[in-house]
Structures are given as C-alpha cells and as structure tokens.
Amino acid sequence: MGEEKLTLKDLAAKPDLLAPGHRMCAGCVSASVARMVMKATRGPTIVATATGCLEVATTILPYTAWRVPWIHNAFENVAATASGIESALKAMKRRGALKYEHVDIIAFGGDGGTYDIGFQALSGILERGHDLLYVLYDNEAYMNTGIQRSGGTPYCAWTTTSPAGKVIPGKPQWKKPIAHIVVEHRAAYVATASPAYPLDLIKKVRRGLEAEGPAFLHVIAPCTRGWRFPTNMGIKLARLAVQTCLFPLWEAWWEDGHPVYKLSGPSEAIARRPEMKKPVEEYLKPQGRFAHLFKPERKEELLRRIQEGIDREWSLLLKRAGFA
Amino acid sequence: MELGVAKQEVMGLTGDEAVAYAVKQVDPDIVAAYPITPQTIIVERFSEYVADGLVNTEFVPVESEHSALSTCVGAAAAGARAFTATASQGLALMWEILYIAASMRLPIVMAVVNRALSAPINIHCDHSDTMGARDSGWIQLYCENSQEAYDTTIQAWRIAEHPDVQLPVMVTLDGFVLSHTLESVRVLPDDVVKRFVGQRRYIRVVGHEYKEVPLVLDPENPLTLGAFGMYTHYFEYKRQQAEAMEKAKRVIEEVGREYGGISGRTYGLIHPYRLEDAEVALIGLGSTMGTAKIVVDRLRQEGMKIGLIRIRSFRPFPREELLKSLSHVKAIGVLDRAMSFGAYGGPLFMEMRSLFYDEESRPLISDYIYGLGGRDMPIKLLEDVARDVKRNADRGRVAEPIRYVGLRE
C-alpha cells in the first residue's frame with residue numbers, strides 16, 4: 001500500500017495529469033474531481049471517459065488537457081470500452097507484447113452515463129470482474145445536454161425535464177442507490193467521496209486502483225449551472241452534502257461472503273455524535289434547483305419528506321456499517 | 001517472400017465454423033461477443049477453442065452487442081487485434097458504434113451472418129442488416145460460400161490493418177444458406193495463416209511531442225483518441241475516411257491476389273462469370289450468385305448470351321471494375337436481397353443505375369427484389385429473372401423496372 005506517501009504536500013508537488021486550460025465551466029467541481037482522481041495515479045494509466053461535460057470540455061480539437069492516454073467512445077459504453085482496454089492489455093501481456101508490468105485503467109462516467117444509459121455496461125463489467133476503477137462524477141442531471149433529469153437527480157429537484165410546475169414540484173422520484181447496487185454485484189471495492197475532503201477522495205482512488213477486480217468510486221460533483229448556485233459555492237455544497245448525511249462517505253468490500261461497510265472520517269464522526277448532523281435545509285437553500293421548496297411559500301410537507309428520506313437512508317447505512 | 005501454394009486439409013465446416021476456424025488460426029488478442037436473437041455459432045465454436053487453450057485470445061462475453069463492439073473499440077485502441085461476430089438485430093444494436101469504430105480508424109474485423117431485421121422477428125437470411133450499415137464507414141465483403149467465408153476472414157485483417165486503409169472490415173455470409181450448411185472447406189496450415197496476417201500495424205502519428213508514434217493508447221506516448229471535433233475539424237476526418245475507403249480497393253485486390261498465391265484461391269472486388277460475350281448480365285451479392293452460375297450455364301446451353309457478376313466488395317463500391325466489365329452488356333438484372341423503403345428500388349439497384357449515369361451507352365437495368373426473410377430463391381425463379389432481363393434486352397426497353405420475385409401477391 002502506498003498510502004503513507006499520499007500527503008497533500010506531496011500531491012501538490014505532483015504534476016497534474018489533467019492539465020489546466022480546459023474549457024470546463026468556471027466553478028465546475030467535476031473538473032476538480034477529475035484533477036484529484038488523477039493525482040492518485042500510481043504508474044502507467046489509461047483513461048476512458050463517457051460522453052459528457054468532462055469529455056467534451058477537455059478535448060476540443062485540436063487541443064487536449066489529458067497528459068495520459070485517453071479515449072472517448074460513446075455515452076453509454078465507457079465501462080465496455082474500458083473492459084476492452086483491460087482485456088487487450090491482459091492478452092498482450094500474456095503474449096509478451098506489453099512493455100509495462102501493469103497499467104491502471106480509470107473510466108469516468110457522469111450520472112447519466114452511469115445510472116441510466118450506461119447501467120447495463122457497468123453491470124456487465126462488474127459481473128465479468130474486470131480489473132479497473134470506475135469513477136462516477138455525479139452532478140445529478142444531464143448537465144452537458146442542458147440539465148435534464150437522470151436516475152441520479154434527487155427528489156424534488158428542478159431540471160429542464162422535471163420542471164417545478166404548478167402541479168408537480170420538480171422530480172417526483174428518488175435518487176437511485178447506485179453505489180449500493182454496485183456493492184451487491186460483489187465489486188472488489190466501492191466507495192463514496194466528496195471533493196470537499198480531497199485526501200479522503202484521493203486515498204479512495206488509490207485503494208480502488210489497488211483492489212484486484214472492479215472498483216467503483218461515487219463522487220458528488222455539484223454543478224454551478226444545473227444546481228443554480230454561485231461559482232464559489234461548489235466545494236461548500238459538496239461538504240454540506242456530507243454534513244447533512246445526504247451523501248455520506250463510506251467504503252465497502254466483501255469478506256467471507258459478506259459486505260463490509262466502513263464509514264469514512266466525516267460521516268463516522270456524525271455516526272458517533274449524531275448532534276453534528278445538519279438539517280438538509282442548509283444544503284437545499286443555497287441551490288436554485290430547490291428554490292420552489294422555499295418560495296413563494298415554504299413547502300413544509302415536501303421538506304419534511306426530503307428530511308425523512310435522508311434519515312431513512314442514513315439509518316440504513318448506519319446498520320450496514322455496524323452502528324445502531 | 002513467395003511461399004507457393006500451401007498443402008491444405010479439407011474439413012467439413014459450416015460457414016459459422018469456417019469463420020471460427022479462421023479466427024482461431026489468426027488468434028486475435030480479444031474476441032467480444034453477445035448472443036442476441038438471432039445468435040450465430042461462430043462465437044460458440046470460438047469459445048470452445050478458448051476453453052481448450054488453443055488460442056491466446058481473451059474472450060469477453062459481454063452483455064450486449066452494443067458492448068461487444070464498444071469493447072472491441074477499446075481493445076483495438078489499446079493496440080490489440082479485435083474480433084466480433086453478429087447478425088441482424090445485433091448489428092442494428094451496434095449501429096452507433098459502427099460509425100465510431102470506422103471514424104476512429106480501428107481495424108476491427110467482424111463477421112456478420114446476414115439475417116432479416118425485425119418485425120416480424122424472423123432470423124432467416126436477407127441483406128437488410130448489412131445494407132443498413134453500408135454508410136457506416138466499414139468495408140463490406142460479401143461471401144459466396146463457406147470456403148470464401150474462411151478465406152475472407154483471414155484476408156480481412158490484412159485489408160483492415162493496411163497502412164493506407166486502417167478501417168474496420170465486415171465479412172458477411174448468408175444466414176443458414178452458408179452459416180448453418182456443411183461444406184467442404186480447404187484450410188491452410190496454422191503457420192501459413194500466421195505468416196500471412198503478420199503483426200498488427202498502426203497509423204503513424206507525426207509530430208507527437210516532436211516524435212512519430214503509433215496511434216495507440218500507450219502511457220509512454222499519451223494520445224487523446226475520440227476527441228470532440230467541431231465544424232473546424234470534423235469534415236476533414238470524414239474526407240480522410242473517404243480516401244481510405246478509395247485506397248482500400250487496391251488493397252482488397254492486392255491482398256486477394258497474394259492470398260491466391262498461398263491458397264490457389266484468388267479474390268477481387270468483383271467476380272464475373274461467363275461475361276465476355278454476354279448481352280445479359282445478372283448482378284448480385286452472396287450465396288445466391290452461386291446458384292445463379294448454374295442458371296447461367298443452363299441458359300448458355302439454350303444459346304442465351306448471359307453472364308453474371310458477383311460483387312464481393314460492396315463497400316468500397318467497385319465502380320471502375322464494374323463499368324469495365326459491363327461495357328458491352330445490353331441489359332442488367334440486379335438482384336437485391338434488401339429494400340430501401342420509399343426509394344426507387346433496392347440498394348444495389350440504386351448503385352447500378354447511378355454507376356452508368358455518365359456513360360454514353362447505358363444498359364437497361366431492372367431490379368429483382370428477392371429472398372427477404374429467408375424466402376427461397378430456387379433455380380426456377382432465377383431463370384425467370386434471367387429471361388425477363390433477356391426480354392428487356394430484345395425489346396430495347398425495361399418493361400417493369402422493379403419486380404418482387406417469389407412473392408405471393
């Protein structure tokens with residue numbers, strides 16, 4: 001394990017593999033997430049990216065921001081594409097035609113390309129057991145195409161296809177529990193992360209790369225355009241998501257036929273001291289996508305349901321992680 | 001190195017098995033496939049070779065045809081030789097990635113067993129699946145028999161990976177008529193096949209950090225593949241694809257000739273039969289043209305001056321070769337085993353009519369749509385077609401430009 005080397009000081013000195021000068025939006029958290037993920041690489045690495053913000057804005061011809069070999073195929077197939085790379089390298093190594101002892105493979109997918117249209121391909125690589133790390137950067141809607149709702153969009157959120165109307169107040173469905181679904185595939189390593197806790201995120205990337213078999217990292221990535229907040233608030237919201245237990249931080253792997261869930265620092269602290277848990281309103285209020293819950297009048301019933309939903313999921317996680 | 005014709009073993013193989021056997025001898029790095037309905041036996045046989053340790057291939061049993069081709073794209077970009085096989089609905093599901101594989105210039109080889117598209121769900125032979133993919137940028141080689149399916153599967157790698165081409169290749173064989181029918185197939189020794197296909201070759205990228213590097217995902221020389229190309233760059237990509245397709249004509253012929261040198265079986269873009277003094281010609285693709293040869297022989301005995309051309313390479317379309325071969329023909333009967341709904345005739349008919357537009361003397365051309373969903377095309381019906389074309393030639397005009405053959409009306 002190379003974890004002792006992963007200090008912020010050392011990481012700051014490590015050259016960025018996602019170079020500056022790309023065209024992600026000002027205040028984009030997904031770009032910060034990708035940069036942090038690439039800080040955690042440990043040797044020869046190949047990156048595959050699904051169609052989406054990260055793909056479009058980092059590779060506008062004739063420029064590229066990637067200092068690693070990088071491929072984009074289509075929207076729904078980054079998992080399959082990455083599995084092809086992994087299988088190719090395996091076969092080439094067997095023939096003695098690979099000049100590297102090992103190459104890490106990272107697949108980046110947004111929520112649309114992971115929860116929805118890419119779900120089948122993701123399930124496929126988990127079942128087949130390819131040795132790669134899948135990073136879901138979750139900005140909770142199809143941001144690149146114009147803020148349409150996805151399976152990752154939360155309850156009541158406004159999007160352009162779940163507008164807050166007179167009858168329907170934003171998205172009527174809850175967010176799909178994607179990371180738990182991945183755990184149930186018996187994935188080698190699953191974790192959630194927030195860019196508000198960079199060292200935690202980077203260490204999890206490294207553990208995902210070190211795991212033998214498919215690893216999955218679910219990262220919350222607030223979007224200034226789609227969530228409707230000022231460009232300087234992204235990381236703060238990524239922190240509030242954790243502090244309200246809406247997006248708790250944890251890791252999971254399998255031991256002796258059982259899933260082992262472990263809460264990570266900030267979420268474990270709340271588990272031990274529940275009074276630290278912040279009310280969800282603190283997270284919702286700064287975001288324009290939830291403005292209809294507060295204006296013109298407070299929607300008490302919806303706010304209550306959202307809080308209850310979070311509490312329910314949090315208590316479920318506490319049980320899984322051996323608390324309560 | 002001139003090898004001379006190799007000693008060959010005769011095996012009893014179906015078209016599917018012939019393709020699988022050729023792939024085994026090529027021993028590519030990965031095979032990714034999915035058994036959509038209809039499924040083919042190609043991958044079943046190949047997975048037996050994998051299970052018995054007869055190949056080094058990494059077999060990736062993916063969860064859809066879409067992922068099968070996506071996996072091949074990733075693998076080929078990583079520098080591997082990649083193969084997949086499909087049919088009908090599976091090819092339709094791959095449609096999005098067909099274009100990507102071709103545009104990224106990845107020399108993937110895919111066997112397509114030609115079968116009808118739903119609805120109604122059918123599974124039997126016609127060409128609607130690959131005709132729907134004709135504009136995707138893949139080279140399309142249509143086989144007449146299982147021997148050719150074997151031979152073409154081997155040649156496909158050389159064509160796809162040629163530095164002037166670097167395009168994916170579809171090797172097509174008619175569903176059931178070839179795919180499930182046992183035939184005597186002469187197979188080359190493994191080492192001869194290995195030598196013939198050689199090592200995979202790559203596009204050279206000039207000027208990557210002042211170096212020339214192969215177009216492959218290599219951590220030492222990081223390249224960005226599949227980037228976002230706007231109106232400033234997209235068009236040039238397409239133009240280069242068109243150029244590669246044009247160059248592929250010469251390469252298909254060269255490889256077909258070279259293959260003749262080791263096997264005694266030479267292949268080209270088109271395969272004419274008894275055409276030299278013909279007034280009437282049948283034109284078509286695939287196994288039906290084997291039957292059509294019998295019809296030509298029979299009608300020749302009656303004194304009809306008839307010949308045929310089987311088009312082997314539908315993409316690239318062999319324009320010059322066809323014009324040259326057909327310059328003396330009075331009337332052509334086009335055999336179309338696919339439809340283009342709302343268009344004037346089938347896909348091959350449209351190509352043939354357009355082909356002669358600039359010519360001073362144009363033959364009469366009529367279209368015969370046949371065999372959809374596996375409807376049989378026996379000798380009798382082909383004879384009717386030939387006689388119809390002859391009547392057109394005799395009266396100097398086409399009586400009925402588009403006819404459906406073997407249809408209950």
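In this predicted model, seven salt bridges are counted between chain A and chain B. One of the salt bridges joins the side chains of A:Lys99 and B:Glu220, with an N to O distance of 3.1 Å. Polar contacts were counted as well. Between chain A and chain B, 23 residue pairs are in polar contact, with both residues at pLDDT 80 or more.

On chain A, several elements give two or more residues to the side that touches chain B. They are strand 1 (45–49), helix 3 (53–58), strand 2 (70–72), helix 4 (78–94) and helix 6 (119–128) of chain A. Helix 4 of chain A gives the most, with twelve residues. By residue type, the side of chain A that touches chain B divides into 21 nonpolar, 13 polar and eight charged residues.

The extent of the contact can be stated in two ways. Counted by residues, the contact takes 42 from chain A and 42 from chain B. The other way is by area. The size of an interface is often given as the accessible area lost when the parts come together. Between chain A and chain B, the buried area is about 3200 Å². Carbon and sulfur atoms give 58% of this area.

A:Asp104 lies in strand 3 (residues 104–110) of chain A. Its relative accessible area is 4%, so A:Asp104 is buried, the cut-off being under 20%. The side chain of A:Asp104 makes a polar contact with the side chain of A:Arg42, at 2.7 Å. A second polar contact, at 2.9 Å, links the side chain of A:Asp104 to the side chain of A:His102. Leaving out residues up to four places away in sequence, A:Asp104 touches A:Arg42, A:Pro44, A:Thr45, A:Ile46 and A:Leu209.

In chain B, helix 3 was examined from end to end. Helix 3 of chain B covers residues 65–77. At 1.5 Å a residue, its 13 residues should span 18 Å. The end C-alpha atoms are 18 Å apart, which agrees with that expectation. Of the 13 residues of helix 3 of chain B, 13 are buried, so this helix is largely enclosed by the rest of the structure. B:Ser64 caps the N-terminal end of helix 3 of chain B. A side-chain oxygen of B:Ser64 lies 3.2 Å from the backbone nitrogen of B:His66. Helix 3 of chain B is followed by B:Gly79. The phi of B:Gly79 is positive, near 105 degrees.

Note on methods
Residues numbered from 1 in each chain as written. Chains lettered and ligands numbered in written order. Predicted model: local features only at pLDDT ≥ 70, side-chain atom pairs only at ≥ 80, totals over all residues. Heavy atoms only, no water. Helix = DSSP H or I, 4+ residues; strand = E, 2+ residues; numbered from the N terminus. Expected span 1.5 Å × (residues − 1). Buried < 20%, exposed > 50% of the residue type's maximum accessible area, 1.4 Å probe, protein only. Polar contact = N/O pair within 3.5 Å; in protein donor to acceptor, adjacent residues only side chain to side chain. Contact = heavy atoms within 4.5 Å. Buried area = accessible area lost by both parts, 1.4 Å probe. Salt bridge = Lys/Arg side-chain N within 4 Å of Asp/Glu carboxyl O. Nonpolar A, V, L, I, M, F, W, Y, C, P; charged D, E, K, R; others polar.
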